[in-house]
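Q: Please take a close look at one ligand site in this model. Describe what surrounds the ligand and what contacts it.

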Amino acid sequence: MAQSLDHEEFFSDGCVLVNGPLIVGAGPSGLAVGAGLKQQGVPFVILERANCIASLWQNRTYDRLKLHLPKKFCELPYMPFPENFPEYPTKHQFIDYLESYAKHFEISPRFNECVQSAKYDETCGLWRVKTVTNGDSSSTIEYICRWLVVAAGENAEKVVPEFEGLQEFGGNVMHVCDYKSGEAYRRKNVLVVGCGNSGMEVSLDLFHHNAFPSMVVRSSVHVLPREILGKSTFELAVSMMKWLPVWVVDKILLVAARLILGYIEKYGLKRPRIGPLQLKDTEGKTPVLDIGTLQKIRSGEIKIVPGIKKFSHASVELINGQILEIDSVILATGYCSNVPSWLKENEFFSRDGIPKSAFPNGWKGKAGLYAVGFTRRGLSGASLDAIKVAQDIGKMWKKETKQKNQSVSVLCHRKIQATF
Ligand SMILES: Cc1cc2nc3c(=O)[nH]c(=O)nc-3n(C[C@H](O)[C@H](O)[C@H](O)COP(=O)(O)OP(=O)(O)OC[C@H]3O[C@@H](n4cnc5c(N)ncnc54)[C@H](O)[C@@H]3O)c2cc1C
Ligand SMILES: NC(=O)C1=CN([C@@H]2O[C@H](COP(=O)(O)OP(=O)(O)OC[C@H]3O[C@@H](n4cnc5c(N)ncnc54)[C@H](OP(=O)(O)O)[C@@H]3O)[C@@H](O)[C@H]2O)C=CC1
Ligand SMILES: O=C(O)C(=O)Cc1c[nH]c2ccccc12
């Protein structure tokens, strides 16, 4: 027995037939696709495992976080940021914007529904997507849909490496996604593991709260100034990329970085062999855009240490034999996609949960499968994907609706003729 809901049909056996696409994730990517579909009058369903939109931003970032790219690269399609936003909006401003975005486009995700599996059913030509509600495996729903949009994020899960002796360590250990502020770390020795943007920014936040941070740099890192001569480095790089090959732009960025930041190798910050943009493109490793950490590294107020050998009860031994007394550990060791854990498909997505085809070709797979927000190009990449996906689905939706209407009118016409 089927009960008709707004844009889906609910069957009493826990099965929902979705009228239109099903979107996994209500972060910026999922919301942007939703907005594009709404504008075309295409119905859709968004499933979100958390109890709010943009859960990465609301639940898994620290208090003082600001966007590190200029605002024009972080807007979602069809709705600009309010005019009074600063060049680098705070995370609270960004969240407010996303909330008003969802409200404006009347997007209401289904919260607390975590997608557990998604499989294409060849026999009926539809996707079968299973969810559980808030970890309660007894409460499962199966969604059946024609189009599946994966918008679960490149940063869906924290990466927590194993370290010898970490279980014996008596202090507090957390991943940076649970770090809110340095308040609890006043006058404490904190080991920050990892030197990406998270490790760098959290070390600075700890310093501002009178903690004593030491940051582990086990390999290499590109640090760039956030601005060059008052212009955003990112914006300059984007402009130069229109005219010059990436390796030339990288060379220019590195010369500018050397002039502005000096020779950072002497502080233990070895640069990778490959240039910053090329490295971002090939390995997804984001260069650090410095917001002031480097000055504190120079002054010795934030210490740089090499890789970890092992932990003990109240200390850590480094690969150079040095032993540091520490109170706490913050793992700024990165994030990964969770798509391989639930999407039963291996043609379009690679084993690390990112589409195999690089930008700009990684948004459309086969059999109605789409990906948004896996371009390694932050929010601007997600927006470009979202526009293409919404347009593509919109086109098919209109075609199919027209065909359906035509066949209904043919049927009606025949019926009318038959009655005469
Ligand atoms: C600390 C930090 C700062 C950043 N700053 C910037 C910046 O300044 N500029 C920039 O361009 N980019 C930045 N980024 C990159 C960031 O990835 C994007 O800003 C943006 O969040 C990507 O949006 P998304 O919707 O693709 O992914 P997410 O924001 O991660 O959203 C994905 C959503 O999917 C949900 N989800 C995941 N798995 C499932 C599942 N199985 N079932 C149901 N729901 C699921 C998640 O709960 C989440 O809400 C930053 C990233 C981090 C970690
Ligand atoms: N203000 C902003 O807008 C901010 C943006 N971000 C963005 O969020 C995304 C994630 O950044 P982030 O969280 O920094 O993650 P990243 O993946 O960029 O960095 C992870 C770091 O952890 C190190 N690491 C991993 N495993 C180990 C280990 N076993 N021992 C020692 N070090 C280890 C890596 O070193 P190695 O290179 O050797 O593997 C690397 O330095 C990025 O895109 C970033 O730009 C993050 C913070 C702030
Ligand atoms: O912050 C991020 O993770 C981003 O993905 C933004 C971004 C995309 N390409 C870049 C190149 C240099 C610095 C930041 C980014």
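Predicted model: local features only at pLDDT ≥ 70, side-chain atom pairs only at ≥ 80, totals over all residues.

A: A polar side-chain atom of K285 lies 2.6 Å from an oxygen atom of ligand 2. S198 also places a polar side-chain atom 2.6 Å from an oxygen atom of ligand 2. C195 contributes through its backbone: an N or O atom there is 3.0 Å from a ligand 2 oxygen. A polar contact here is a pair of N or O atoms within 3.5 Å.

Residues are numbered from 1 along each chain as its sequence is written, chains are lettered from A and ligands numbered from 1 in the order written, and side-chain values use heavy atoms, without hydrogens and water.

Now the shell. Around ligand 2 there are 20 residues, each with a heavy atom within 4 Å. K66, S198, R218, S219 and K285 come nearest. By class, seven are nonpolar, nine polar and four charged. Ala, Val, Leu, Ile, Met, Phe, Trp, Tyr, Cys and Pro count as nonpolar, Asp, Glu, Lys and Arg as charged, and the others, Gly among them, as polar.

Helix α4 (residues 197–208) gives the most to this shell, three residues. Helices are DSSP runs of H or I, at least four residues, numbered from the N terminus. Domain 1 (5–156 + 337–411) and domain 2 (159–335) both give residues to the shell, so ligand 2 lies between them. The domain bounds come from an automatic or database assignment.

Terms used:
Polar contact = N/O pair within 3.5 Å; in protein donor to acceptor, adjacent residues only side chain to side chain. Helix = DSSP H or I, 4+ residues; strand = E, 2+ residues; numbered from the N terminus.
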